[in-house]
2 protein chains.
Amino acid sequence: MPVNLPPLDPAQLHPVPGVTLGIGSAGVKTPGRKDVLVMVLTEGTRAAGVFTQNRFCAAPVRLCREFLGGDKAIRALVVNTGNANAGTGQDGENRARTICAALAEKMGLATEQVLPFSTGVILEPLPHEKIIAALPGAIADLKADNWAAAASAIMTTDTAPKAASKQVVIGGKTVTITGISKGAGMIHPNMATMLGYMATDAAISQSLLQKMVKYAADRSFNSITVDGDTSTNDSFILIATGQAGNTEIAAADSADFITLRDAVTEIAQVLAKAIIRDGEGATKFMTINVEGGKTREECKAVGYAIGRSPLIKTAFFASDPNLGRILCAIGYSGVENLDVNTLEVWLDDVLVARDGGRVASYREEDGQRVMKKEEITITVKLNRGQENATVWTCDFSYDYVKINADYRS
Amino acid sequence: MPVNLPPLDPAQLHPVPGVTLGIGSAGVKTPGRKDVLVMVLTEGTRAAGVFTQNRFCAAPVRLCREFLGGDKAIRALVVNTGNANAGTGQDGENRARTICAALAEKMGLATEQVLPFSTGVILEPLPHEKIIAALPGAIADLKADNWAAAASAIMTTDTAPKAASKQVVIGGKTVTITGISKGAGMIHPNMATMLGYMATDAAISQSLLQKMVKYAADRSFNSITVDGDTSTNDSFILIATGQAGNTEIAAADSADFITLRDAVTEIAQVLAKAIIRDGEGATKFMTINVEGGKTREECKAVGYAIGRSPLIKTAFFASDPNLGRILCAIGYSGVENLDVNTLEVWLDDVLVARDGGRVASYREEDGQRVMKKEEITITVKLNRGQENATVWTCDFSYDYVKINADYRS
């Protein structure tokens with residue numbers, strides 16, 4: 001069961017003018033499963049993406065980079081679950097390209113206008129014929145209010161679909177932002193999460209869209225960890241259809257850019273946190289705030305050291321305030337010349353450590369009270385600079401082992 | 001149950017002339033438990049050590065660094081379990097110094113001639129009076145053939161004592177090397193393991209002893225991981241009493257140095273591997289050989305990426321040849337300009353991947369056959385240089401979670 005992830009209400013997801021979504025069933029891994037998503041984007045749409053930094057990046061990720069870097073506008077996306085098409089060499093790339101070509105042919109597009117995505121098991125050949133056979137069904141299903149069904153279609157070990165939506169006013173026009181994400185394990189994104197798609201009808205220049213997707217990813221999908229494993233397939237795509245009627249956003253210091261950027265980042269954070277709430281075996285949701293660092297990078301390093309430590313994650317699972325493990329992780333996080341005597345560690349509103357050790361005011365029952373909660377905030381005040389970062393993670397339970405010992409079978 | 005760790009046979013542990021060991025009972029955590037070890041070293045002994053790089057290093061580690069860097073010869077060691085004296089600030093350092101002073105006073109030494117060590121829970125005040133009260137009992141117990149009892153005395157979550165011994169001939173003299181180690185969790189040493197002590201009666205210069213301890217640690221304790229957590233207390237001490245009668249080893253290129261260095265490294269590897277065999281919840285022992293790298297560091301980075309991945313470790317626990325996870329870890333290991341199309345991945349004698357994907361000859365039943373074994377070798381051939389490294393690790397089971405959710409209670 002996810003941690004405080006409310007059931008998805010399809011009525012809360014605003015359609016994005018210029019985007020339609022259709023679901024198909026290819027039976028990639030499980031016969032009858034709805035495992036193919038097609039997104040079609042209106043003419044004039046701009047797209048930008050960030051992708052895994054894993055050197056073993058999947059074939060579809062390599063094609064996405066190629067197509068986004070080309071001169072043809074992206075007009076469709078095709079996603080399958082059940083097979084990641086990763087660790088599949090040149091053959092995997094050929095198969096992904098064949099799927100793009102098949103969808104392009106049906107839609108009157110060029111192959112390079114279709115971005116492919118896959119998620120699932122690594123090192124298995126992708127059954128591309130099954131996916132191509134499912135395209136007509138997905139195309140027949142295309143509609144604007146299909147975001148909730150799309151969120152379900154891209155799930156793998158996820159136990160719940162993940163989507164979020166928001167409207168803001170930009171240049172006197174109502175602008176919509178809606179997004180979906182998936183992921184529960186192999187989550188320690190280095191550019192983006194397993195899969196995240198967000199669309200807005202705002203008009204915005206290509207260079208600012210690219211800037212925005214990086215900004216939002218850094219503060220959302222690139223700030224979460226379940227198990228420290230950076231996936232081969234992480235992809236986060238931001239789409240702007242330009243249908244809202246606002247004057248095109250073209251200046252990075254404009255109020256319009258900041259309004260849209262912050263709304264996009266907010267939705268990205270909701271989607272990224274949903275992945276953690278549904279983290280494999282998760283029973284608790286932890287927010288790690290690291291404040292007062294010299295750089296944002298060192299704050300993130302401390303946050304990730306805490307967030308990926310199996311010792312800390314099992315202690316949270318057990319509600320055991322074995323808080324020395326947090327100090328230990330801060331100590332090995334790699335921050336240069338870190339002075340352990342000036343930093344502070346807080347558990348919610350309880351000050352735990354200062355001056356290199358436990359504070360005299362700390363009482364075990366206070367730590368215990370916080371540890372028993374489902375949502376816990378760890379705050380580390382480095383007290384050496386002005387930068388901050390937040391990392392979100394979950395605990396580590398028997399079920400994480402169970403899920404990952406069973407995943408393929 | 002440890003993985004293929006034979007029961008300790010005290011008769012196999014050669015006493016080291018110049019070293020006596022005594023065990024005491026302080027009841028630091030558990031009343032009546034033998035939890036204090038004293039080692040006394042004869043006049044003329046040299047000692048060298050490597051310690052955790054964790055910035056939150058424990059108070060005894062800070063004192064060890066200070067005392068080893070001073071001008072007084074080290075003549076005794078005192079170790080307690082049940083409390084790590086880490087995250088205890090200046091007060092922790094004062095308490096450790098008080099213990100050293102108490103032992104020094106009883107042995108006619110200076111405080112700075114006694115190295116202190118602690119292992120156990122972090123962030124709790126060390127009950128130093130209990131340890132001081134246990135010193136007379138430990139001193140009364142001092143004897144040369146007490147290595148097996150010493151190995152038991154330093155255990156925490158270990159399920160078996162760890163010790164090894166060997167004799168070599170150097171300059172016509174029989175030289176003895178005997179060592180003990182402890183550790184089962186919070187194991188991802190960055191200089192050394194939780195605790196390792198090795199003594200030889202060889203005569204060797206101080207500078208070469210220091211060189212040797214680093215060499216051996218790099219190829220043993222610094223090549224293992226259980227959970228990726230670098231402890232606050234890692235310490236590895238190499239003692240040379242000079243009682244063997246060999247001509248003092250003074251040249252790094254001498255045959256004598258190499259003979260002793262290789263024997264010390266061999267024993268250090270046995271001790272380090274014993275920690276993995278007894279890794280918390282371990283059911284399998286994995287050797288990760290990374291060959292053909294440009295540098296030893298990049299080989300180690302690949303080895304550690306594989307060795308600390310929870311996804312890989314749970315797949316090994318399940319005997320599931322979900323080998324794409326290995327490619328994934330290689331891909332995010334951070335090796336610069338890694339060409340995934342030229343590397344190879346082997347599972348024992350089975351070639352799994354080449355040319356960026358699974359080889360056609362690979363059959364699931366071959367992978368399954370290897371995965372079912374208790375001892376498995378993963379070989380990654382990077383095919384881009386001449387350097388190699390080996391990392392040892394264990395799998396990740398339900399019991400790891402259980403042990404670490406229960407450790408303090």
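**The interface and the packed helices**

Between them, chain B and chain A bury about 5,000 Å², 60% of it on carbon and sulfur atoms. Buried area here is the accessible area (1.4 Å probe) that two parts lose on being put together, summed over both. This is a predicted model, in which local features need pLDDT of at least 70 and side-chain atom pairs count only at pLDDT 80 or more, while totals for chains, interfaces and linings use all residues. Residues are numbered from 1 along each chain as its sequence is written, chains are lettered from A and ligands numbered from 1 in the order in which they are written, and side-chain values use heavy atoms, with hydrogens and water left out.

To the contact, chain B gives 59 residues and chain A gives 59 residues, contact meaning heavy atoms within 4.5 Å. Two salt bridges are counted between chain B and chain A; a salt bridge is a side-chain nitrogen of Lys or Arg within 4 Å of a carboxyl oxygen of Asp or Glu. Glu124(A) forms a salt bridge with Arg358(B), and the closest N and O atoms are 3.5 Å apart.

I now turn to helix packing. Helices (H or I, at least four residues) and strands (E, at least two) are DSSP runs, numbered from the N terminus. Axes are lines fitted to C-alpha atoms, for helices over the stretch in contact, and angles run from 0 to 180 degrees between N-to-C directions.

In chain B, helix α1 (residues 59-68) packs against helix α2 (residues 89-107) at an angle of about 60 degrees, the axes being 8 Å apart. That angle makes α1(B) oblique to α2(B); angles under 35 degrees count as roughly parallel, over 145 as roughly antiparallel, 65 to 115 as roughly perpendicular and the rest as oblique. Residues making this contact include Leu63(B) and Phe67(B) of α1(B), and Ala96(B) and Cys100(B) of α2(B). By class, the contact of α1(B) with α2(B) has five nonpolar, two polar and four charged residues. Ala, Val, Leu, Ile, Met, Phe, Trp, Tyr, Cys and Pro count as nonpolar, Asp, Glu, Lys and Arg as charged, and the others, Gly among them, as polar.

Further along chain B, the axes of helix α7 (residues 296-308) and helix α9 (residues 324-331) come within 8 Å and cross at roughly 135 degrees. α7(B) and α9(B) are therefore oblique to each other. Val302(B), Ala305(B) and Ile306(B) of α7(B) meet Ile326(B), Ala329(B) and Ile330(B) of α9(B). What classes of residue does the contact of α7(B) with α9(B) have? It has six nonpolar, no polar and no charged residues.
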